[in-house]
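Student: Please go through this structure with me, one part at a time. I will ask as we go.

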Amino acid sequence: MLHQSRLADNLALVRDSIQQAARRADRDPNSITLVAVTKYVPGEVVLSLHEMGVRDFGESRPQVLWEKAPALPADIRWHLIGHWQTNKVRRTLPYISLVHSLDRISLAEELSRESQRLGKVTPVLIEVKIVADEAKHGFLPDDLMSALATIRELPGIQINGFMTMASQGDDAESARPVFRKLCEYRNQQQVSLGVPLPMLSMGMSQDFAVAIEEGATHVRVGSTLFEGVVDA
Ligand SMILES: *Cc1c(COP(=O)(O)O)cnc(C)c1O
């Protein structure tokens with residue numbers, strides 16, 4: 001069964017932590033978007049969060065989005081946050097409001113083709129691999145400049161900023177240098193490209209407060225929201 005009151009409590013705690021972190025960093029809490037990562041939970045939990053006012057939801061797998069999105073309220077903004085296959089773009093694109101995980105040129109090219117076919121412009125974030133880890137995806141910092149130069153020429157895609165993943169399992173403070181680096185790269189590329197890159201997607205359950213102190217505009221929070229909410 002679904003424990004609604006526990007979900008409401010968890011959400012209130014996360015929102016409160018976002019507010020406090022924003023205040024510590026002298027930032028407007030309204031400039032930070034909580035993306036509720038619902039890959040762990042069924043559609044009914046998404047619906048409960050929707051009733052509590054959440055509109056931004058993240059999924060890491062296109063197949064899950066195909067099932068959930070058509071069955072849930074149309075005012076939900078779906079964020080694609082995981083590594084995904086190029087051959088899934090056509091079917092997934094109609095649901096997506098922001099791609100956080102643009103991690104290779106071939107995906108950018110397919111997004112460009114399909115966005116043009118639909119007559120839309122797809123907002124994307126470029127995933128940057130700051131922590132060298134074989135299991136992680138994204139562009140290496142050294143390749144960012146040339147990747148951005150290529151991607152910005154593709155019609156149908158708008159680069160809105162950067163996304164990164166810190167190492168899992170480390171404590172929140174150890175993620176700080178990673179988040180700070182992403183912010184620095186963003187600041188550099190903004191100047192060299194001469195375009196604004198306002199969005200930084202960084203921070204998950206264990207380290208979203210630190211990410212906000214370092215400039216995150218989007219935090220992707222999953223497990224903390226759902227602790228004790230769904231019975232095993
Ligand atoms: C699962 C996932 C999250 C949420 O992680 P939690 O630690 O459960 O908050 C955030 N970002 C990405 C890319 C994910 O895959």
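Student: Is Asp26 buried or exposed?

Tutor: Asp26 is exposed, because its relative accessible area is 74%; buried means under 20%, exposed over 50% and partly exposed in between, with a 1.4 Å probe and protein chains only. Please keep in mind that this is a predicted model, in which local features need pLDDT of at least 70, side-chain atom pairs count only at pLDDT 80 or more, and totals for chains, interfaces and linings use all residues. Residues are numbered from 1 along each chain as its sequence is written, and side-chain values use heavy atoms, with hydrogens and water left out.

Student: Where is the place of Asp26?

Tutor: Asp26 sits in the loop between H1 and E1. Helices (H or I, at least four residues) and strands (E, at least two) are DSSP runs numbered from the N terminus. Although Asp26 is not a glycine, its phi is positive, about 60°.

Student: Which residue takes a positive phi just after H2?

Tutor: That is Gly53, with a phi of about 100°.

Student: Which residues of helix H2 are buried?

Tutor: Within H2, which covers residues 43-51, the buried ones are Val45, Val46, Ser48, Leu49 and His50. They pack against helices H1 (4-24) and H9 (223-226), and against strands E1 (33-37), E2 (56-59) and E3 (77-80).

Student: Next topic. Is Lys68 buried or exposed?

Tutor: Lys68 counts as buried because its relative accessibility is 10%. The residue lies in helix H3, residues 62-71.

Student: What does the side chain of Lys68 join in a polar contact?

Tutor: The side chain of Glu59, at 2.6 Å. A polar contact is a pair of N or O atoms within 3.5 Å; within protein, one must be able to donate a hydrogen and the other to accept it, and residues adjacent in sequence count only if both atoms are side-chain atoms. Apart from residues up to four places away in sequence, Lys68 touches Thr38, Lys39, Val41, Pro42, Gly43, Glu59 and Trp78, where contact means heavy atoms within 4.5 Å.

Student: And Asp103, is it buried or exposed?

Tutor: Asp103 is buried, since its relative accessibility is 7%. Its place is the loop between E4 and H5, and its side chain makes a polar contact of 2.6 Å with the side chain of His83.

Student: Which strand does E4 pair with in the parallel sense?

Tutor: E4 (residues 96-102) pairs with E5 over two bridges; two strands pair if DSSP finds at least two bridges between them. Leu102 stands opposite Ile126 of E5. Right-handed means that, with the strands pointing away from the viewer, the path from the first strand over the helix to the second runs clockwise.

Student: Why is E5 largely enclosed?

Tutor: Five of the six residues of E5 (residues 122-127) are buried, so the rest of the structure largely encloses this strand. E5 also runs parallel to E6 (residues 157-163), joined by six bridges. Leu125 stands opposite Gly161 in E6, and Val124 stands opposite Ile159. E5, helix H6 (residues 144-152) and E6 make a right-handed β-α-β unit.

Student: How many bridges are there between E6 and E7?

Tutor: There are three, and the pairing is parallel. Gly161 has Met199 of E7 as its bridge partner. The chain crosses from E6 to E7 through H7, and this β-α-β crossover is right-handed as well.

Student: Which residues touch the most other members of the largest nonpolar core?

Tutor: Leu111, Ile126, Phe162 and Val219 do, in a core of 65 residues. Such a core is a set of buried Ala, Val, Leu, Ile, Met, Phe, Trp, Tyr and Cys residues joined through side-chain atoms within 4.5 Å. Helix H7 (residues 172-193) gives the most to this core, with seven residues.

Student: Last one. Which residues are around the ligand?

Tutor: They include Val37, Lys39, Tyr40, Ser205, Arg220 and Gly222, each with a heavy atom within 4 Å of the ligand. An oxygen atom of the ligand is 2.6 Å from a side-chain N or O atom of Lys39. A polar side-chain atom of Ser205 is 2.5 Å from a ligand oxygen, and a backbone N or O atom of Gly222 is 2.8 Å from a ligand oxygen.
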